[in-house]
Amino acid sequence: MKQLKKATAYYHLPGLFEFYELYKEFLPLFREHREFFYDWCEIGSVYGAPEDCIWGGGRIGDGNHDPEEVLALMQEYGISARLTFSNSLLEERHLLDRKCNSLCAAFEKKDQTRNGVIIHSELLLDYLKREYPGLYFVSSTTKVLTDFRQFVKEIKRDDFLYVVPDFRLNKSFEKLQTLSEQQKDKVEFLCNECCWFGCKDRKECYKTVSRKNLGENCPDHPCAAPDAAEGYRFSKAMENPGFISIEDIKNTYLPMGFSNFKIEGRGLGSALILEFLLYYMTKPEYQLHVREKIYLDNTLDLF
């Protein structure tokens with residue numbers, strides 16, 4: 001899975017199950033009209049989890065598209081599919097869950113393009129390494145790795161092909177520059193986080209999501225961030241000190257040797273996901289063309 005083209009940005013996109021219909025329209029467009037898109041970017045993976053997956057984390061999964069169709073679409077375009085199984089509160093008894101095991105078995109058997117799992121729990125990691133060795137593993141941003149030394153320690157682990165640090169390490173350039181080329185290849189930056197940069201409760205927020213995915217009846221995490229009631233706004237994310245723009249990617253991260261960039265958005269609507277695809281991947285002069293192809297050439301309801 002090592003990326004060989006150092007001048008290429010590999011995007012890891014949200015909504016494997018949640019936005020299947022959008023990707024079914026977008027991927028043919030990306031292949032057939034490559035001139036619409038920046039030549040320095042590719043799709044590294046699409047990630048997500050279906051609804052009612054107790055191993056799920058990060059967000060409450062609500063995608064319900066057939067896993068075989070999802071896998072077939074990703075395999076057709078040579079794109080790695082990732083299961084977001086980043087629940088941090090799993091116990092031994094949860095490892096026997098039939099649905100989650102069935103998904104791992106299906107994802108492992110596809111041998112054209114290797115698939116992976118985004119993971120938090122060490123218990124689950126040990127189990128998946130033993131039961132599904134054909135999968136690769138990504139250390140989840142839900143670990144909230146804000147301490148650079150802990151982050152480096154995570155990178156050095158052979159268990160993980162990629163490690164997603166907390167977005168507040170995104171601009172730690174002096175420290176990031178000290179990483180070796182091999183270590184840089186494993187870093188996957190979260191680009192468009194809207195969470196308050198000063199948040200101290202991020203781990204607790206993720207734990208609440210984990211509890212909900214386990215079926216526990218618990219209240220939502222009380223967010224103390226300013227303007228929390230507004231929800232996600234791409235315009236607000238762009239003002240976040242940890243935001244990574246396309247200019248940052250082209251002019252800073254790629255020249256430094258970093259290649260992998262994660263776009264968040266599983267819990268958002270497909271219309272906003274399209275805006276991410278336009279901003280991060282589409283040349284400005286062709287953005288209207290892509291919108292028209294998506295909106296007008298099919299009956300996809302993006303709202």
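Me: Which hand does the crossing of α1 and α11 have?

Reply: Right-handed. Bear in mind that this is a predicted model. Of the residues in that contact, 8 are nonpolar, 1 is polar and none is charged.

Me: What makes α1 and α11 roughly parallel to each other?

Reply: Start with the angle: helix α1 (residues 20-32) packs against helix α11 (residues 270-281) at about 20 degrees, and their axes are 11 Å apart. Angles under 35 degrees count as roughly parallel. The pair is therefore called roughly parallel.

Me: Which residues meet where α1 and α11 touch?

Reply: On the α1 side you'll find Leu22, Tyr23, Phe26 and Phe30, and on the α11 side Ser270, Ile273, Leu274, Leu277 and Met281.

Me: How do you know what span to expect for α11?

Reply: At 1.5 Å a residue, 16 Å is expected for α11, a helix of 12 residues. From first C-alpha to last, α11 reaches 16 Å, so close to expectation.

Me: What makes α11 mostly covered?

Reply: The count does: 10 of the 12 residues in α11 are buried, and buried means under 20% relative accessible area. Among the buried ones are Ala271, Phe276, Leu278, Tyr279 and Tyr280. Ser270, Ile273, Leu274, Leu277 and Met281 are buried too, and these five also meet α1.

Me: And what covers the buried residues of α11?

Reply: The cover includes α1, along with strands β1 (9-14) and β2 (41-48). Helices α9 (234-238), α10 (246-256) and α12 (287-296) are part of it as well.

Me: What is Glu193 in contact with, leaving aside its neighbours within four places in sequence?

Reply: Phe167, Arg202, Ala237, Asn240 and Glu264. Take Glu264: in sequence, Glu193 and Glu264 are 71 residues apart, yet from C-alpha to C-alpha they are 6.8 Å apart in space.

Me: Why is Thr113 called buried?

Reply: Same test: Thr113 has a relative accessible area of 15%, and buried means under 20%. So Thr113 is buried. You'll find it in the loop between α3 (98-109) and β4 (116-119). Neighbours within four places in sequence aside, Thr113 is in contact with Gln75, Gly78, Ile79 and Ser80.

Definitions and conventions:
Residues numbered from 1 in each chain as written. Predicted model: local features only at pLDDT ≥ 70, side-chain atom pairs only at ≥ 80, totals over all residues. Heavy atoms only, no water. Axes fitted to C-alpha atoms, helices over the stretch in contact; angles between N-to-C directions. Helix = DSSP H or I, 4+ residues; strand = E, 2+ residues; numbered from the N terminus. Parallel < 35°, antiparallel > 145°, perpendicular 65-115°, else oblique. Left-handed = near helix turned anticlockwise from the far one by under 90°. Contact = heavy atoms within 4.5 Å. Nonpolar A, V, L, I, M, F, W, Y, C, P; charged D, E, K, R; others polar. Buried < 20%, exposed > 50% of the residue type's maximum accessible area, 1.4 Å probe, protein only.
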